[in-house]
Structures are given as structure tokens and as C-alpha cells.
Amino acid sequence: MYAPASRSALAGASLLVLLPAFFRRWRENGLVREFHDRLRTRVRETLGRDAAPTAGVIDSQSVKADAVVGADSRGFDGGKLVNGRKRHVVVDTLGLLLGVMVTAADTGDRTAAHVLLGQVADVHHRLELVWADGGYTGSLVEHCLTTLALVLAIVKRSDDMRGFVVLPKRWIVERFFAHLMRTRRLVRDFERRTASAEAMVYWSMTLLMTRRLARPAPGRE
């Protein structure tokens, strides 16, 4: 005869059942991003920055996709040799997330940037400068200037550079991607929907900013 489950065990099991429903509700109502954006404002102000950023960095990261990811939202990135999805992000100069868009890995950076930079500029009205690498050259630069009133500054690798070199401003977004890789859920893309994959990126940064705000200030311990 089995012993009855404890109240705490039943509560834990109920919470595990309800969590996906809560996540979907928060995702569909924009609450994950709203919570994230409020924390980003707090972090910036705590560090003595204006709440609204004026500059940022754009880049992308290709990650392998789990079997649950359908063929309609996965692709093959020939440059990185990755079969999966691509995370296109814009971060501020502190490395805090301003916007993310998840696509199939074979989506070009410039194609995604047309959409993502438009979304970011609509929300962050004071944004006037975004640094990017050589993959964002071409008509995108003129589009940003004429349509979004945004300067897209291309940071290129010079011909005399040898070996692994982190270009100016690139370390900011590379550190951001390194943080995502420390979040176990984001090492691969396990989400059926790209909206869920984007929400997970926001949630990962929410946890990071919460830890920063909870950290005691120097001399106050």
C-alpha cells in the first residue's frame, strides 16, 4: 500500500504542470519582455546611465536545434556549419538586450536586420548609432539612415590583422552570447515556436539583471 503524497510534493507537482501555461500566457501578453525591459531600465540607472540608450551593437548567433524544431523554422548556416536557428540581437553598450529575433539559421544577417532594427528603433526612440560587423554592409546602411534615422557603423577587420582578434565594440555582444551559453536551456534551441525561443532569451537576461541588482554595493556588506 502506497503512502499518501505530502502536501508539499503535491504542490510541487501542480506547479510543474502549471508553469508551461503561465509561460505561454506571459509570452503571448508580452509580460516576459515588459518585465525584462523594466529591469534593464533599473540596471542602467543604477550604473549612472540614462534609462534610454543612444547606441548599441547588432550581431547574430547560430545554434543547433533540437528535434522538436520543425523544418519551417530551421535551416543550415553554411558559414558556421550549424543546422538549426539563428538569434539576431541588438544590445546596448552595457551588453543589455534591446531586441531579439529568432529565425532559421539560413536567414541572412542583413535580411533579419531590416526587420529587427526597425522594431528596436520603434521602441528605443533615442537610439541613433548601432555598430555592426562586415556582414551588415550594403543597402542596409542607407536604409537605416534614411528610414530609421539610425547610423549603422560598420566595424571591419583590417587586412594586417592576424589570428583571433576581437574588433572594437564586438566584445560587448560576444560577452552577451557567452552569457546565453551559460544558460543551459539556450545551449540548443529546444522551442517549437520562435516566439518561445525569443522569450527564453529575454528570460535569461532577466535572471542576469536580477542578480546584478541584488548584488550588494561596494562598502555596504
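In this predicted model, the side chains of Arg27 and Glu28 form a salt bridge, with N and O 2.9 Å apart. A salt bridge here is a side-chain nitrogen of Lys or Arg within 4 Å of a carboxyl oxygen of Asp or Glu. Residues are numbered from 1 along each chain as its sequence is written, and side-chain values use heavy atoms, with hydrogens and water left out. Local features need pLDDT of at least 70 and side-chain atom pairs count only at pLDDT 80 or more, while totals for chains, interfaces and linings use all residues.

**Salt bridges**

- Arg27 is buried, with a relative accessible area of 14%, whereas Glu28 is exposed at 54%. Buried means under 20% relative accessible area, exposed means over 50%, and partly exposed lies in between, with a 1.4 Å probe and protein chains only.
- Side chains of opposite charge can pair when their charged atoms come close.
- Lys86 and Asp109 form another salt bridge, and their closest N and O atoms are 3.3 Å apart. Lys86 belongs to strand β3 (residues 82-92) and Asp109 to helix α3, so this pair ties together parts that are 23 residues apart in sequence.
- Lys86 is buried at 7% relative accessible area, and Asp109 is buried at 17%.
- In the salt bridge of Arg185 with Glu191, the closest N and O atoms lie 2.8 Å apart. Arg185 is partly exposed at 42% relative accessibility, while Glu191 is buried at 8%.
- The structure holds 12 salt bridges.

**Nonpolar surface patch**

- Phe22, Trp26, Leu31 and Phe35 make up a nonpolar patch on the surface, and together they have about 350 Å² of accessible area.
- Patches consist of residues with over 30% relative accessible area and no salt bridge; like charges are joined within 9 Å, and nonpolar side chains (Val, Leu, Ile, Met, Phe, Trp, Tyr) within 5 Å. Accessible areas come from the Shrake-Rupley method with a 1.4 Å probe, and for residues only the protein chains shown count as cover.
- At least two residues of the patch come from each of α1 (7-28) and α2 (31-46). Helices (H or I, at least four residues) and strands (E, at least two) are DSSP runs, numbered from the N terminus.
- Trp26 is in helix α1 and is partly exposed, with a relative accessible area of 34%.

**Helix packing**

- Two packed helices are described by the angle between their axes and the distance between the axes.
- Helix α5 (residues 170-181) packs against helix α6 (residues 194-214) at an angle of about 100°, and the axes are 10 Å apart. That makes α5 roughly perpendicular to α6.
- Axes are lines fitted to C-alpha atoms, for helices over the stretch in contact, and angles run from 0 to 180 degrees between N-to-C directions. Angles under 35 degrees count as roughly parallel, over 145 as roughly antiparallel, 65 to 115 as roughly perpendicular and the rest as oblique.
- On the α5 side, Phe176, His179 and Leu180 meet Val201, Ser204, Met205, Leu208 and Arg211 of α6.
- Helix α3 (residues 109-123) and helix α4 (residues 139-147) pack at about 10°, with axes 10 Å apart. That makes α3 roughly parallel to α4.
- Arg110, Ala113, His114 and Leu117 in α3 meet Leu140, His143 and Cys144 in α4.

**Two histidines**

- His36 is in helix α2 and is buried, with a relative accessible area of 0%.
- Apart from neighbours within four places in sequence, His36 is in contact (heavy atoms within 4.5 Å) with Leu97, Tyr202, Met205, Thr206 and Met209.
- His124 sits in the loop between α3 and β5 (129-132) and is buried at 7% relative accessible area.
- Leaving aside neighbours within four places in sequence, His124 contacts Arg40, Pro53 and Leu98. His124 and Leu98 are 26 residues apart in sequence, and their C-alpha atoms are 8.1 Å apart.

**The chain as a whole**

- The chain has 6 helices and 6 strands, in the order α-α-β-β-β-β-α-β-α-β-α-α from the N terminus.
- Of its 221 residues, 41% count as buried.
- The accessible surface of the chain is about 12900 Å², and 56% of it belongs to carbon and sulfur atoms.
- Among contacts in the chain with a separation of 6 or more, 63% are between residues 24 or more positions apart.
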